Amino acid sequence: MTADITPQIQQQLNLSALLLKKGHNNANLNSWSGFDSEDQMQIKQAKRLLKLHGIASGLHLRNSLQRYQSGQMVSNTFTKLATELRMDTSTTFDGKYNALENPKLKHKYKMVWTYRFSLKDQQFIGYELAYYIYLMRLATVVGYINTDELILRMEDANDTIKKTFSSWGEFHRNVCLGDEFVLGATEQDNSKFPGTKTLWEHYQRLNVQHANWFKTWN
């Protein structure tokens, strides 16, 4: 029997709401997964999203969860480059930046340069743990994880998130920046609100549609 979604559990599920809406715009955020487990098309969509992340079994899932939780997916890469760039002056950084030819890599260098001090402690913990919960929610649709384990893992992730960030706004900003670090330039476009393409735009929508969810941080 599936456990009830208490207000505390809902708040923990909400830590992945932004990524879930990006992956499945019609997601029911008040449910365990956001998907209708009796709709074959939605089950196929959940499987497709999992396969995009190399997940086709419970073992694949737990390997991915370990990498997201330990910082191997994003934070370690950011930290390594940020540590290097903190030794640079503006002149030496410009030399490195101008020598790069790949646009995505140039954006990554510019982004790390901008946040090399301000994200020294937070890194992209918010983004990685939001993804951690998001992948588990997808995995409940296909039976790779049950809700009992999901609850235990969410509680653990929630403790880390609440110790690292002081508000929903700070947390969601980290999620958006992490997404931008991974995918490349997806900066907020204020000229077309509400948009549909970037995580920044999904963030705007989320705060309009579910404003009451993102006020209390405890």
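## Helix 8 against helix 9

In this predicted model, helix 8, which covers residues 125-142, packs against helix 9, which covers residues 147-164, at an angle of about 165°, and their axes lie 10 Å apart. Because angles over 145 degrees count as roughly antiparallel, helix 8 is described as roughly antiparallel to helix 9. The crossing of these two helices, helix 8 and helix 9, is left-handed.

On the side of helix 8, the contact is made by I125, L129, Y132, I133, M136 and T140, while helix 9 contributes L150, R153, M154, A157, T160, I161 and T164. When the residues of this contact between helix 8 and helix 9 are sorted by class, nine are nonpolar, three are polar and one is charged.

## Helix 7 and its two partners

Two packed helices are described by the angle between their axes and the distance between the axes. For helix 6 (residues 90-99) and helix 7, the angle is about 160° and the axes are 10 Å apart, which means that helix 6 is roughly antiparallel to helix 7. The crossing of helix 6 and helix 7 is right-handed. S90, F93 and Y97 of helix 6 meet K106, Y109, K110 and W113 of helix 7 in this contact, and by class the contact of helix 6 with helix 7 holds four nonpolar, one polar and two charged residues.

Helix 7 also packs with helix 5 (residues 75-85), here at an angle of about 70° and with the axes 9 Å apart. Since an angle from 65 to 115 degrees counts as roughly perpendicular, helix 5 and helix 7 are roughly perpendicular to each other. The crossing of helix 5 and helix 7 is right-handed, and the contact involves F78, L81, A82, E84 and L85 of helix 5 together with Y109, V112, W113 and Y115 of helix 7. In the contact of helix 5 with helix 7, eight residues are nonpolar, none is polar and one is charged.

## The largest nonpolar core

In soluble globular proteins, nonpolar side chains tend to be buried together. In this model, the largest nonpolar core has 66 residues, and among its members F124, L135 and F171 touch the most others. Helix 8 supplies the largest share of this core, namely 13 residues.

## A positive phi at Q123

Q123 is placed in the loop between helix 7 (103-115) and helix 8. Most residues other than glycine have a negative phi, and most peptide bonds are trans. Q123, however, has a positive phi of about 50° although it is not a glycine. Q123 counts as buried, because its relative accessibility is 18% and the limit for a buried residue is under 20%.

## W200 in helix 11

W200 belongs to helix 11, which covers residues 199-209. With a relative accessibility of 14%, W200 counts as buried. Although W200 and C176 are 24 residues apart along the chain, their C-alpha atoms are separated by 6.0 Å.

Key. Residues numbered from 1 in each chain as written. Predicted model: local features only at pLDDT ≥ 70, side-chain atom pairs only at ≥ 80, totals over all residues. Heavy atoms only, no water. Axes fitted to C-alpha atoms, helices over the stretch in contact; angles between N-to-C directions. Helix = DSSP H or I, 4+ residues; strand = E, 2+ residues; numbered from the N terminus. Parallel < 35°, antiparallel > 145°, perpendicular 65-115°, else oblique. Left-handed = near helix turned anticlockwise from the far one by under 90°. Contact = heavy atoms within 4.5 Å. Nonpolar A, V, L, I, M, F, W, Y, C, P; charged D, E, K, R; others polar. Buried < 20%, exposed > 50% of the residue type's maximum accessible area, 1.4 Å probe, protein only. Core = buried A, V, L, I, M, F, W, Y, C linked by side-chain atoms within 4.5 Å.
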